[in-house]
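I opened the notebook to work through this model chain by chain. Below are my entries in the order I looked things up.

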Amino acid sequence: MRVRRINGILGGTAALALALTACGTAEVGGGNGGGEGDGGEGGGDTITIGVKYDQPGLGLLENDAPVGLDVDVATYIAGELGYEPDQIEWTEAASANREAFLQQGTVDMVVATYSITDERREVVDFAGPYYVAEQDILTRADEEEIQGPEDLAGRVLCSASGSRSAFNITEERGIDAELREAGNYSECLSLLGNGAVDAVTTDNTILAGYAAQNPGTYRVVNNSFGEERYGVGLPEGSTELCEEINAAIAKMWEEGYTLEALETHFGDTDFAYAETAPEADACE
Amino acid sequence: MEAFLNNIDRVVDGFSWTVRLALLSALFSFILGVLLTAMRVSPVPLLRGLSTAYVEGVRSTPLTLVLLFCGLGLNSALGIFLSDTVAWDVFWWAVIGLSAYTSCFVSESLRAGINTIPLGQVEAARSLGLTFTQNLRLIVLPQALRTVVAPLGSVLIALTKNTTVASVAGLGVQEASSEMKLMFDRGIAPVLPTFVGFALGFLVLTLPMGYFFSWLSKRVAVVR
Amino acid sequence: MSTQSSVLFDAPGPRARARNKVYTVITLILFAIGLMVVYLGFNDTLRKPELSLFSAEAWAVNPEGEWTADKWEPFLRPETWTYYVIPGLRNTLTAALTASVLAIVFGLVFGIGRLSDRWWIRVPAGAVVEFFRGIPLLILIFFTMALPIVADQLFDIAPGTFQVTALAAVVTGLTLYNGSVLAEVFRAGILAVPKGQSEAAKAIGMTRAQNMWLILVPQAVSAMMPAIVAQLVVLLKDSALGYIVAFPEMLRSFTLLATRENNVIPAAIVCAAIYIVINLSLSRFAIWLERRNANRGRASVRPADAEDGPEGADTTTGPAGTVAVEPTVQEPLPDTAREDSDGDDDGNPKKRP
C-alpha cells in the first residue's frame, strides 16, 4: 500500500513540475516581457527583434515594451522593411545570449548595443554600424575634478564584472584608479549616487542614458576614447537583408530621424553625441 | 594547463581572499550563532521573539540578496565604510553579510543539539540551583556543541562555498571565483584546465574539512 | 514553545521577573536604536552632520531618501506586478522546479549508484557526488556558461556554434549541486532501512532491483521527505544566483524595476519579503512532514545520521523548541549503516544484498 502511495506522490510531483516547466520555459526566451515578446518565431506578419531591457536610454523595459535609442532605430529599420510598429515583437537580448538568439532563430535581428567585432562576425552577420559610441566616464554632477581618464588616479572607479572598460583605463593606460566591481551598471550607478565610487566608465551612450534618467545628478565627462561600433545583428548569410538595412540606416540619418531620437533620449544631458552618420561596412 | 600554472599567482591570490572570507565569517557567525541560540532559549520573551524572527527571516532570504543589501544598502546607501581601501571595505562588508546569513544555520544546528540533551540533566541542574546562564554555560552548551560538530562542519563547508557569492552582488571581492571568471573572460588560460584547477582548489578546502569534522564528531561524541 | 523553553530555567520569581524586565527594556532600547539608524540612514539624513538628530527635519520623510512615497508607489501599480514581479517569479519557479525534478532523478541515480556492489559503478558515482558537492555552485554556473569556449578550445567547434542560455546554466548548476546532496540523502535513507527487510525480500525471491525499488527506495524517500523538501528550499534560494548571469528570475526582475524607478532599497526589501514568505511556507511544510512521519511512528526507518546530529531525527522538539530540518547534509556519510539501524557496521557496502 505504502509503496503505491509514495510512487503516486513522486509521480504526481514530477508531473506537476514538468507541466509547470513546459508552460514556463517558453517565456524565458522572451525574457521579462510578460504578455509581450514570447520569443515567437518571426516571419510572416511579425518581426522579432532582440533589444536590451536594462539599459536606460538604449533599451529599457517600461512595463510591456522597451524604450530607447536602440528601440527607435529598430522600429525605423523594421518600418523600412515593411513592418508596422504593431507587427514588431520585442525580446530581451542580454549580452550573453545575442549570438544564440540569432543562430537559433529566436529573433530576426538584434539591436542591443551590439558592437561589431571580427570575432562575432565569424558567427553572425552585421549591418551598419548605425552609431559609433566611445568609452567615456560618468561622475556626479557636483564632481569638478574628474575631466578625463587621467583624473581617475587615486579615485574609485566602478566597472561591471566581465567588462573590459575599467581594464582599458587601469591596465592599458596605466592609470592608478581603485576598482570596485559591481554586477552590472545599474549597481554601479547606485554606488555612484551614494558616493561609494567616484566614477563609472563604459560606452558613452550607456552612461548618457543613466544621466538622462536622473537629470542634474550625473555628468558625462565628454572626454572619450576608443570606439564601439553598434551594428544590427543578423543571422549568418543575410547579405541581402544586410544591404536593405544599410540603406535604411543611411536614410534614417538623412531624414534626421537618428538625430531626433538621440535628442529625445539624451537631449537633457550634456552628452555630445555624434551627429554624423557612420560609414557602413560592406555586407559580406 | 601550462597557461593556468603560469597564472598560479592569480589563483593563489584569489584563494587567499576566499580563505580569509571563510575564516573570519566562520568566527563571527559562530559567535553570533551562539548568541542567537542563547537568546532563543532565554527567559526573556522579547529576546526569544527577536532571535526567532531574525533566524527565520534571514534564513529564508537568498544569500545574493543579503549581500546585495550589505553592498548597495548598508555600505553604499548608509555610507558606512569599514576601511579606506575599496578591496578591504568590500571584504569586511562581505564578512558581515556572510556572517549574518551563516549565523542562522549555526543557531539552528545548535538548537537541534540542545534538543538532544536529556531533560533530566537540565532539570537536575535547575534543582541544584543553577541559574539560566549557568545552566546554559555549564550543562547545555558544552554538550550541545559536541553533538553538533558534524552539522557545524557542514555549515562551515557551505560557508566556504558561499564566499563565491561575495564576488558579485554589489560587493565584488576578488576571491577565487572572480579570478576564475576573469581568466575565462580575458582568455588568459584555456577554460577547462582553469575550471578544473579552481574546482580542485575548492575541493582541497572542503573535502578535508568534511573528513576532519566527521572524525572530530566521533572523537567528541557524547556517550549516552 | 514557551512551555518547552522553560525547561532551561525556573518559573521566574519576583527578582527574576524584575531582571527580565530590565533585559527587555535594554533590548527594546538597542532595537529602537538599530531601527532608528536604519530609518535615518535610508532617509539620507544620517549623513548630514548639520541636521540634529532631534530636529523634526531629520525625521520627516526626505524626498531624496529611500522612504519617500515615490519609491514605494511603483509597488502599488498593477503593471509592476504583471510585467515585472510575476514573470520574474514564474522564471524563478520554472528554474527551481525543473532543477528540482532533475536533481531528484540525479540524486536517485547516483545515490543508488553509490550503493552498487559493482566497483565500476560505485566508485565513479561516488566521485561525481563528492566533486559536485564540494565545489561552489557559482563556479559551476560560470563553467556551464563557458562551455562554448571549451568546445572551441578543445574540439575546434567555432565559437557561437552553440550558446548556453542563462536558464540552462542555472538549471545545470542547481541540478548537479543539489542532485549530489540529494544523492547522499537518498543513500542515507536507504542505508537506514533495517537489513532484515532486504533479507526478507531476498528470501521471498525478489531480485535486487525489486528489492531496491519496492522495498528500499520508497521507505528511504518517505523517511527522508523532510530533508528532501529542506534541500529543495535551498535550491529555490540558490536560483537567485541566476541574477548574476542575467537570467530573468525574480531578483533580476526587481533589479530591472529598480533601474527604471531608481528604488534599489525598496525593491530589495519587497523582494526579500516575497522570498521569505515562499521559503517559510516551504520550511513549515517540511516541519509538518517531519511531524507527520514522527506521529505515524515508523520505527523501522531511522535516518542514518541520527547519531551525528539531530537532523532528520524524529525528535525535533526539546528544550530549544521545534527545529526545522537542517538543510545542509554535508559531512561524509559512513559507507554503511550505523549501529543504530541494526548493527551492520562492517564498512563494506558490498555486503548489502
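This is a predicted model: local features need pLDDT of at least 70, side-chain atom pairs count only at pLDDT 80 or more; totals for chains, interfaces and linings use all residues.

**Entry: chain B**

I began with the secondary structure of chain B. I counted ten helices and zero strands. Along the sequence the pattern reads α-α-α-α-α-α-α-α-α-α. I then took the extent of the C-alpha trace of chain B, which is about 70 × 45 × 25 Å along its principal axes. Burial came next: chain B has 224 residues, and 56% of them count as buried. I also looked at sequence separation in chain B. Among contacts between residues at least 6 apart, 77% join residues at least 24 apart.

**Entry: B against C**

How many residues of chain B are in contact with chain C? I found 71 residues of chain B in contact with 66 residues of chain C. The chain B side draws two or more residues from each of several helices, including α3 (45-59), α5 (86-115) and α8 (149-162). Helix α10(B) gives the most to this side, with 14 residues. I sorted the side of chain B that touches chain C by class and got 43 nonpolar, 20 polar and eight charged residues.

**Entry: A against B**

I repeated the search for chains A and B. Here 15 residues of chain A are in contact with 14 residues of chain B. On the chain A side, β9 (178-182) and α6 (185-194) each supply at least two residues. The largest share comes from β9(A), with five residues. By class, the side of chain A that touches chain B has five nonpolar, six polar and four charged residues.

**Entry: the nonpolar core**

I asked for the largest nonpolar core. It has 232 residues, and B:A94 and C:V170 have the most contacts inside it. Helix α9 (residues 166-192) of chain C gives the most to this core, with 17 residues. I then listed what C:V170 touches, leaving out residues up to four places away in sequence. The list is C:A95, C:I141, C:S239, C:L241, C:G242, C:V245 and C:F247.

**Entry: α7 of chain A**

Is helix α7 (residues 204-213) of chain A mostly covered or mostly open? I found it mostly covered, with nine of its ten residues buried. The buried residues of α7(A) include A:I206, A:L207 and A:Y210. A:N204 and A:T205 are also among the buried residues.

**Entry: α8 of chain A**

I checked the length of helix α8 (residues 239-254) of chain A. At 1.5 Å a residue, its 16 residues should span 22 Å. The end C-alpha atoms are 23 Å apart, which agrees.

Which residues of α8(A) are buried? I noted A:C242, A:I245, A:N246, A:A248, A:I249 and A:M252. They cover an arc of only 165° around the axis, so they sit on the same side of α8(A). The spacing recalls the general rule: an α-helix has 3.6 residues a turn, so residues three or four places apart point the same way. On the other side of α8(A), A:E240 and A:E254 are exposed.

I followed the buried residues of α8(A) to their partners. They pack against α2 (69-80), β7 (125-140), β12 (225-234) and α9 (257-266) of chain A. Just after α8(A), I noted that A:G256 takes a positive phi of about 80°.

**Entry: a sheet in chain A**

I looked up one sheet of chain A. Three strands form an open sheet in the order β2-β3-β4, with antiparallel pairing. β2 (54-55) and β4 (65-67) stand at the edges, each with a single partner strand, so one side of each has no neighbour in the sheet. β2(A) pairs with β3 (residues 59-62) of chain A over two bridges. I traced one bridge: the partner of A:D54 in β3(A) is A:L60.

**Entry: A:P278**

Where does A:P278 lie? I placed A:P278 in the segment after α9 of chain A. Is A:P278 buried, or partly exposed? I counted 17 other C-beta atoms within 10 Å of A:P278, so it is partly exposed; a buried residue would need 20 or more. Leaving aside neighbours within four places in sequence, A:P278 is in contact with A:P129, A:Y131, A:V132 and A:R229.

Conventions. Residues are numbered from 1 along each chain as its sequence is written. Chains are lettered from A and ligands numbered from 1 in the order in which they are written. A nonpolar core is a set of buried Ala, Val, Leu, Ile, Met, Phe, Trp, Tyr and Cys residues joined through C-beta atoms within 7 Å. A residue is buried if 20 or more other C-beta atoms lie within 10 Å of its own, exposed if 12 or fewer, and partly exposed in between; C-beta atoms are placed from the backbone. Helices (H or I, at least four residues) and strands (E, at least two) are DSSP runs, numbered from the N terminus. Two residues are in contact if their C-beta atoms, placed from the backbone, lie within 7 Å. Ala, Val, Leu, Ile, Met, Phe, Trp, Tyr, Cys and Pro count as nonpolar, Asp, Glu, Lys and Arg as charged, and the others, Gly among them, as polar. The expected span of a helix is 1.5 Å times one less than its number of residues. The arc is that of the directions from the helix axis to the C-beta atoms. Two strands pair if DSSP finds at least two bridges between them.
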